[in-house]
Amino acid sequence: MQITSQTFKANTVKALADVDLQRALRHVEKGFIGKRQKAADALPEFDALRDNAVEIKNHTLKHLDLYIEAYVAKVEASGGKVHFAEDADHARRIFLDIAKRRKAKTVTKGKTMISEEIGLNAFLEENGIVPVETDLGEYIIQLRGEHPSHIIAPAVHINRDQVEADFRKFHVHLDPERDLVRPETLLSEARQILRQKYGEADIGVTGANFLIAETGTSVIVTNEGNGDLTQLLGKCHVVLASLEKIVPTLEDTAQILRVLARSATGQEMSVYTTLSTGPKRTEDEDGPEEYHVILLDNGRSGMLGTEFEDMLRCIRCGACMNHCPVYHAVGGHSYGWVYPGPMGAVLTPSLIGVDKAGHLPNASTFCGRCEAVCPMRIPLPKMMRHWREKEFESHLQPKAARAGLGVWAYLARRPKLYRAAVSYAMPALKLLAGRKGRFRSLPLAGGWTKWRDLPAPEGRTFMQAYAQSGHGDPK
Amino acid sequence: MTLNGMIDGAPSTAPAQTTPTVALFVTCLVDLFRPSVGFAAIKLLEDAGCKVVVPASQTCCGQPAYNSGDREDTKAIARHVIETFEAYDYVVAPSGSCGSTLKKHYPELFANDPAWHERAVRFSQKVHELVSFLTDVRGVTEVDAALPATVTYHDSCSGLRELGIREQPRQLLRTVEGLTLTELPEADVCCGFGGTFCVKYPDVSNAIVGKKTKHIASTGADMLLAGDLGCLMNIDGKLKRENNGIEVRHVAEVLAGMTDKPPIGGKL
Amino acid sequence: MSGSTRDAVMGRLRRAVGANPANDAERRAAVAARLSDAPKGVIPARGQLPPAERLDLFIQMATKADATVTRLGDVSDIPEEVAAYLRERNLAPAIRMGRDPRLAGLDFTRTTLTVTTGPSEGDDLSSLSHAVGAIAETGTLVLTSGPDNPTSLNFLPEYHIVVLDAADVVGDMEAVLARLRQTHGKGTMPRSVNFVTGPSRSADIEQTLLLGAHGPRSLHILVVGEPG
């Protein structure tokens, strides 16, 4: 997909003026936060489970090479195949090879963000293969020619009336008089249309929430059941997953599952947690004939062992974006690539380069709400700061900002000079403000005064006033 | 005011029943824009039985450089702050944000420098945000102040999530004579200030602070309080631009009974 | 291609994690130990109950997840219960089921039900499965693939009726995993293990929860016998 992270600022201006988007974003603030809190409060062991989930992932990452070895051996023992993919292009070519061999015409898809990361849909279409998204949200945005704006709620930026309009436009073979006002009818119409697609599909593609080394199993966690129908009824099941989805054992999976759904949707457990191991067995009467896993690196091995390693613990629950004031204001598309919100602000520069995604780790107030709710306790603000450090080191920041900061840092390190400068500047600024006590505009402060008044200083600095207050000279 | 120096990791170098010396870390925003907060802090600390000193060579905690990715300048500033303040019993700042930089981030900053790391850790144990210092360390349970007004309180992010400050200011505000405290909806959500964020991404910042002022207006309060001047200047600037006359003050001004000065940004 | 990529990726991973000949044996031992011991971690107290309370909790949690639950004294009660369930909802008196020996002896001739066996072709309205177990902590059913209970029966029909032996209700997911290991052998899994908590749903349109997305819109659980 086209990367627009470079124009983040322009994207946000557009998003802030988009009335429909702003209407839709209100649901994010209202829905997810309370549900997560309620679910966390209902389980006394929630924080202990978070701690253990962190331990599990840290242990796994330290031994990732060995767990991948064990995982691959188990997949092969169950009759499946693992394909290592260096990058997006490589993953697409591996997929196309499988598709060509199977003479695939149609591919059904459960929800997978890796598919977005590698741009699979556009690539399939270029190669004459029809991708059919089956997750309701994904289906809606595929009709609209859009990309997900959220990692677990892909169509969260769209309102019901917009969905209704889309269905009328695209489902032209159906009765134009039909009632599509209620969400229930929209759902059953999508269900009816997708029903026939599952069985027709030559390949069913899913993502994976976990890959279990102990058993060679892929796990998907869903609510709709579309992922299950996709992987069950497609004649060939292809799992798209990245390296860090590996967990050691079934028990480790059970631990992380307990924090996943609660953090994501506030459910005790998602409706369907499905463990798939290899293709259809001889005695089976249903199931896919082939089972493939495309294991994608695409920059992740380069994060391991660095200050960004903690990001590889991410289980894609979406809690960080659900609690992010910036995400609430501008939505997921503003971030300009696949992964939005705080996790995207850390991951995107790792995957596409900080030169393209530099805005993302900067566009955070560091309010810390993301880290506070992250089930895997990923220090997201800290890692965004690391990206800012990388940018600073490679002189990627805007010149004016860098110069301003440089002057300030120079003074801050020289107390006497600093004191002299501010003792002159603040009373002058107070005079300039006049009696009102604030500025409506001020040269060089346009970023502030565009939308806000700037409170004027009281006059003398604290240090000046203190020296004259009879408390005696500051020490 | 009976509990001296033994709570919340306070160093045992400050023996009970004596007068601890508190070095006031004024913070650059208070120094430059709102000296009243500094004087209010001194009054509150002295009322709590502390001797207050104000080291003259202080400038800033270095957060602007730190959050802009300039680690080396931040370290230089941090070393200066530590050298200037480490000899006192306590270091207190009227800001959760600067307090957290000193307390939580300095040790992290020197993670790869064992000598300075140890020094930063020892220093960090002495650092406290003003209101939490009063309640958690000095055991203050009430203040001698009066304000006949309905106020609402915004929880600044660093204080809330990095230092765990939530109940402390509310607890003391309830003891201000004549004051009614009304809860702010979504008080724990960021105001959109974020240091340099608000000037780098003014449109996004505006959208966030616009929600905050809407919630503030919904409380019907006469006054909005918080513990960080950055947030307060941001929120006040937006309220004024919206022609909303709600007064904005630092919580220390109210707790110290020092509300004679005009509010932040003046009166509407 | 993939072989060389595999070597390249694995080489990078080994370098990143600091693997070297000196720590190889120790690292391998740590991984082997975890894979063989499969430590349990934190088990919430919620499901750790005596059998009767455990079953009550399961019913409570499953109901909270929008499943419906009926208790039956004996397996032989199943045909009448299924017939009544379909009749009450004005559904066609037809049911599809697998070849599970525990259901094979059921006498459906006492009802008007048409019974078909084998995986679903997609046009069945109702299906009947037998669960291998259930988790009280979350109200979750556990079903495994195979000719006994084809996986398609769990997802294609709109009304899914699941038989659960009351004695198979355990406290937590870890207890289920232990049982799966016992049945299938350590490190080996059925092709598909389905943990099912309530009927299918979606909240993709304006976060409004709607039941019956792609999977069943109703999940009805028949708990047979006594717990413990």
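In the predicted model, the interface brings 64 residues of chain C into contact with 74 residues of chain A. On the chain C side, at least two residues each are supplied by the helices α1 (2-17), α2 (21-37), α6 (152-155) and α7 (173-184), and likewise by the strands β9 (192-196) and β10 (201-202). Of the elements of chain C, α1(C) gives the most to the side that touches chain A, contributing 11 residues. By residue class, the side of chain C that touches chain A comprises 28 nonpolar, 24 polar and 12 charged residues.

The two chains are also joined through strand pairing, in which β9 of chain A (residues 272-276) and β9(C) run in the antiparallel sense and are linked over five bridges. Within this pairing, C:S192 of β9(C) is the bridge partner of A:S276.

In chain A, helix α4 (residues 64-77) consists of 14 residues and reaches 20 Å from its first C-alpha to its last, a span close to the 20 Å expected at 1.5 Å a residue. Because 10 of the 14 residues of α4(A) are buried, this helix is largely enclosed by the rest of the structure. The buried residues of α4(A) include A:L64, A:L66, A:I68, A:V72 and A:V75, and among them are also A:D65 and A:K74, together with A:Y67, A:A70 and A:Y71. Just after α4(A), the backbone at A:G79 takes a positive phi of about 95°.

Methods. Residues are numbered from 1 along each chain as its sequence is written. Chains are lettered from A and ligands numbered from 1 in the order in which they are written. This is a predicted model: local features need pLDDT of at least 70, side-chain atom pairs count only at pLDDT 80 or more; totals for chains, interfaces and linings use all residues. Two residues are in contact if their C-beta atoms, placed from the backbone, lie within 7 Å. Helices (H or I, at least four residues) and strands (E, at least two) are DSSP runs, numbered from the N terminus. Ala, Val, Leu, Ile, Met, Phe, Trp, Tyr, Cys and Pro count as nonpolar, Asp, Glu, Lys and Arg as charged, and the others, Gly among them, as polar. Two strands pair if DSSP finds at least two bridges between them. The expected span of a helix is 1.5 Å times one less than its number of residues. A residue is buried if 20 or more other C-beta atoms lie within 10 Å of its own, exposed if 12 or fewer, and partly exposed in between; C-beta atoms are placed from the backbone.
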